[in-house]
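This note sets out numbered remarks on the model shown below. Please read them alongside the sequence and the coordinates.

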Amino acid sequence: SGAVCSLAFVSQKYSTAMSFASMAPAPLEALWCFATSFSGGKSIEVAVEEGKGTLQTSLLKLSVRTDEPHDKGLATKPSACGTCSLMAISCLVTLMIGLAFCFTATPATQTATELFPPPPLYHVYATSYYDAGLQQGRLARERIHGWFAVAEMKHRFKWASQAGSATFAQLKQDNAKVFPAYVQEMRGIADGAGVTMDQIWVANLINEIDAIISQEDKGTFVLPWSMQHCSDEYGVSSQGYEAGFAHGHNDDWSAEVGPYLYWLAISPTTGAKERVNRCAGLAYPGTLVGWAPAWNAHGMFFTQNSLMPMVTRRSGLGVAFTQRHAICDTAGIDEAIASVKQPGWSSGASLNLVDVSNKRMVNVEVWMDTNSVLEITPATGNYSHFNEYKHLRTASGARIDSPLVGKDDPRQGRSYMLPPVVNAEDIRMRLSDPLIYRKNKTLITTILNGTTGMLDVWCCGVTATDSPPHYSWNLPSFFDAN
């Protein structure tokens, strides 16, 4: 940036041969002619290229050609006037390059490059859970098939059908017993997408499957896509919630899933056969809404940080199901907290709850039958979470995480080093920090302004400081507006 203009050039290269008659406005062309007149028709060549997101001058080459014979005698001192002329030309050239790019920059040169198109929003109106799933499956059929063909999903399918078949069967049985309505919705997804029911089960048990696979070699092996998922930042004004509060989330996963993501909103039809609650959020292909960032019609917003405990049951309730119930089938933050505190989890997670209506934010850490609730208060001011248990320990006070969690991960340390966040703007900068935002891993950034209820979303490899949000939704009016 400079006094004249601010430029953002990404994934494009520019080469300038100083042909200003074709690229510059008339005043600049005249200025160029004036500058070159100092050298009596001498030519100046300037090459400029883009490097790592910033415009850098890589070469400033001045080649002087005249028709006058060179003096072959004794060397003479450079002319002071000639030196001044060259200096003046250099300054004018630099000025003209900046002005030319300001005049000729187009919107395309000012927008960060996206790794994949923004996920679409599907809004289905359903008569039943099965109907909601059926519509999702039909709408997202190609995306579901694409995700299921990725290597990491094939690895999970293989585990579920071979080495982990007994555990997989037990997990299905336990969750079907407690959440039969969600199983009907999953059956609808399978039918609509033309995939097997077991494939949809695997997609909704990823947390548990990955945790178990990582422990099969006594905690020494961890799937590369199972580590370091998601970053969360909370901020509250020192004057209290009434003066402002905000929450931000980077949703991280392997880049392969990016092109297959979609947003899904579910609403009941008039006269629906079953009670289908209004709920919306980011859907990983084939999964229930509620596993990734999600919200309901009561002003509740929710995100999750994956955790990797050293011990995971080969039975019990799955994260995707308990979270779906907490965000989609409750009306307030206290009811949601009570929902996720139910015992019997197979593994665990860090759950981030924001109640826009009642101006409260809470982080809940869960591990099997234990949990810990941390309320973010004005006294707390700010809080962050990066895939490690921070306030929940075993009964003996021991660490719950795998020892490999946090290894070579600079995010938490970086957040501690920076000033505390207190508002949405602070969080926007924090989640875009190069040690927190991770290229080819951070797929979605959400920032919720609790005061206004506005949820801004960036995606596709573009940070929140690179461009305006891809989506902006007002949560209190979302279901009415859509």
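1. The link of Cys279 and Cys328 is left-handed, with -60 degrees about the S-S bond. These two residues form a disulfide whose sulfur atoms are 1.9 Å apart, a disulfide being a pair of cysteine sulfur atoms within 2.5 Å. Cys279 lies in strand S7 and Cys328 in helix H11, so the pair ties together parts that are 49 residues apart in sequence. Cys279 is buried at a relative accessible area of 1%, and Cys328 counts as buried at 4%. Buried here means under 20% relative accessible area, exposed over 50% and partly exposed in between, with a 1.4 Å probe and protein chains only.

2. The model is predicted: local features need pLDDT of at least 70 and side-chain atom pairs count only at pLDDT 80 or more, whereas totals for chains, interfaces and linings use all residues. Residues are numbered from 1 along each chain as its sequence is written, and side-chain values use heavy atoms, with hydrogens and water left out.

3. By the distance rule the count comes to two disulfides. A disulfide also joins Cys459 to Cys460, with an S to S distance of 2.0 Å. The link of Cys459 and Cys460 is left-handed, at -55 degrees about the S-S bond. Both Cys459 and Cys460 are buried.

4. An open sheet of eight strands runs in the order S3-S6-S7-S8-S9-S10-S11-S12, and its pairing is mixed. Strands (E, at least two residues) and helices (H or I, at least four residues) are DSSP runs numbered from the N terminus, and two strands pair if DSSP finds at least two bridges between them. Strand S3 (121-126) and strand S12 (370-375) stand at the edges with a single partner strand each, so one side of each is left without a neighbour in the sheet. From one strand to the next the twist averages 20 degrees; axes are lines fitted to C-alpha atoms, for helices over the stretch in contact, and angles run from 0 to 180 degrees between N-to-C directions.

5. Within this sheet, S3 and S6 pair in the parallel sense over six bridges, and Val124 stands opposite Ile266 in S6. S6 and strand S7 (residues 279-283) run antiparallel and are joined by five bridges, with Tyr262 opposite Ala283 in S7. Six of the seven residues of S6 are buried, so S6 is largely enclosed by the rest of the structure. Further along, strand S9 (residues 300-306) pairs with strand S10 (residues 348-355) in the antiparallel sense over seven bridges; Ser306 has Ala349 in S10 as its bridge partner.

6. Which residues of helix H4 (residues 129-139) are buried? They are Tyr129, Asp131, Ala132, Gly133, Leu134, Gln136 and Gly137. The elements covering these residues include S3, helix H5 (141-148), helix H8 (180-193), strand S6 (262-268) and helix H11 (319-328).

7. Phe301 lies in strand S9 and is buried, with a relative accessible area of 0%. Leaving aside neighbours within four places in sequence, the residues in contact with Phe301 include His247, Trp295, Ile327, Asn352, Leu448 and Leu475, where contact means heavy atoms within 4.5 Å. Phe301 and Asn352 are 51 residues apart in sequence and 8.2 Å apart in space, C-alpha to C-alpha.

8. The structure holds 19 aromatic pairs. Rings of Phe, Tyr and Trp (its six-membered ring) pair if their centres lie within 6.5 Å; planes under 30 degrees apart count as stacked, over 60 as edge-to-face and the rest as tilted. The rings of Trp295 and Phe478 have centres 5.3 Å apart and planes at 90 degrees, so this pair is edge-to-face. Trp295 in strand S8 (residues 294-296) and Phe478 in helix H15 (residues 478-481) are 183 residues apart, and their pair links distant parts of the chain. Phe478 and Phe479 also form an edge-to-face pair, 5.1 Å centre to centre with 90 degrees between the planes. Ring pairs link Trp263, Trp295, Phe301, Tyr471, Trp473, Phe478 and Phe479 into a cluster.

9. Another open sheet has six strands in the order S13-S4-S5-S14-S15-S16, with antiparallel pairing. Strand S13 (382-385) and strand S16 (471-474) are the edge strands, each pairing on one side only. Strand S4 (residues 231-236) and strand S5 (residues 245-252) are joined by six bridges, and Ser231 stands opposite Asn250 in S5.
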